[in-house]
Amino acid sequence: GRRANSRGDTRAAAPLFERALEVTRPLRHDVHLELDLADVQQTWRRRAEVAEQAAERARTANDQVGEALALVLAAHARFQFEDDPSVDELERLAHAALPLLEHAEDHVGLAWVWFLLGQGVFNVRGRCEEWAQAAEQALRHNQLTGDPSVGSGGLPNALLLGPRPADEA
């Protein structure tokens, strides 16, 4: 599923993630797999629903770190379709999740949250230097996961639009 998603084939990835979850859910809780499934949903509304379900499963499993991560992804997805989305809620949830993820050394989760904080909060608020810094954090954590398929985290756009001198950027 992850290989299919990394090449942009979400239609192939979704049933693979669903099957993986059917097999693993009775044995263990895997919030990353749950959120992989959320990420490949065809609509933002469905992504929010799947991420909210992942947060509930994490809560039931007493996984505070997973719950915090899933709530950030759900808030970001809701931000994409709600009539009056709350950037404040997304920022609050992201900042609440970061220390939990740091303590757990969850680099996958940290990459997600830094990316969403950059794209969903700093970009929207026009705080391009903070967006660039968040993208750099997302890239750093992605490198620590060893995932070679990771994109730029929005860094080129943040640097293009932000205040850093061109030579430094």
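Let's start with D36, which counts as buried, since its relative accessibility is 11%. By buried I mean under 20% relative accessible area, with exposed being over 50% and partly exposed in between, using a 1.4 Å probe and protein chains only. Before I go on, the ground rules: this is a predicted model, so local features need pLDDT of at least 70 and side-chain atom pairs count only at pLDDT 80 or more, while totals for chains, interfaces and linings use all residues. Residues are numbered from 1 along each chain as its sequence is written, and side-chain values use heavy atoms, with hydrogens and water left out.

Back to D36. Which residue does D36 form a salt bridge with? That's R2, and the closest N and O atoms are 2.5 Å apart. A salt bridge here is a side-chain nitrogen of Lys or Arg within 4 Å of a carboxyl oxygen of Asp or Glu. R2 sits in helix 1 and D36 in helix 3, so this pair ties together parts that are 34 residues apart in sequence. The helix numbers come from DSSP runs counted from the N terminus (H or I, at least four residues; strands would be E, at least two). R2 itself is partly exposed, at 49% relative accessibility.

Now look at the rest of helix 3. Seven of its nine residues are buried, so helix 3 is largely enclosed by the rest of the structure. The buried ones are V31, L33, E34, L35, D36, L37 and A38. And what covers them? Helix 1, helix 2, helix 4 and helix 5 are included in that cover, where contact means heavy atoms within 4.5 Å.

L35 comes up again in the largest nonpolar core. That core has 48 residues, and L35, V72 and V113 have the most contacts inside it. For the record, a nonpolar core is a set of buried Ala, Val, Leu, Ile, Met, Phe, Trp, Tyr and Cys residues joined through side-chain atoms within 4.5 Å. Which helix gives the most to this core? Helix 5 does, with nine residues. If you zoom in on V113 and skip residues up to four places away in sequence, V113 touches L69, V72, A94, A97, L98 and L101.

G120 is in helix 7, and at 2% relative accessibility G120 counts as buried. Leaving aside neighbours within four places in sequence, G120 is in contact with H76, F79, V87, L90 and F115. The other spot is D106, in the loop between helix 6 and helix 7. Buried or exposed, would you say, for D106? D106 is buried, with a relative accessible area of 12%. D106 touches H32, V65, L69 and L101, again not counting residues up to four places away in sequence.

The structure holds 17 salt bridges. One of them joins R46 and E49, with the closest N and O atoms 3.1 Å apart. Those two are three residues apart in helix 4, so about one helical turn separates them. Both ends are partly exposed: R46 is at 33% relative accessibility and E49 at 35%. Then there's R78 with E82, 3.8 Å from N to O. In that pair, R78 is buried at 15%, while E82 is partly exposed at 33%. And if you like networks, D88, E91, R125, R127 and E130 are linked in one made of salt bridges.

Last stop, the largest pocket. About 930 Å³ of space lies in it. Of the 30 residues that line this pocket, N5, D39, W112, N142 and D147 are the closest to its centre. A pocket, on a 1 Å grid over the protein atoms alone, is an open set of points where a 1.4 Å probe fits, with protein on both sides within 12 Å along at least five of seven lines, and lining residues have an atom within 4 Å of a point. The volume is the space filled by probe spheres set on those points, which are joined across faces, edges and corners. Elements giving two or more residues to the lining include helix 1, helix 3 and helix 8.

That's my tour, over to you.
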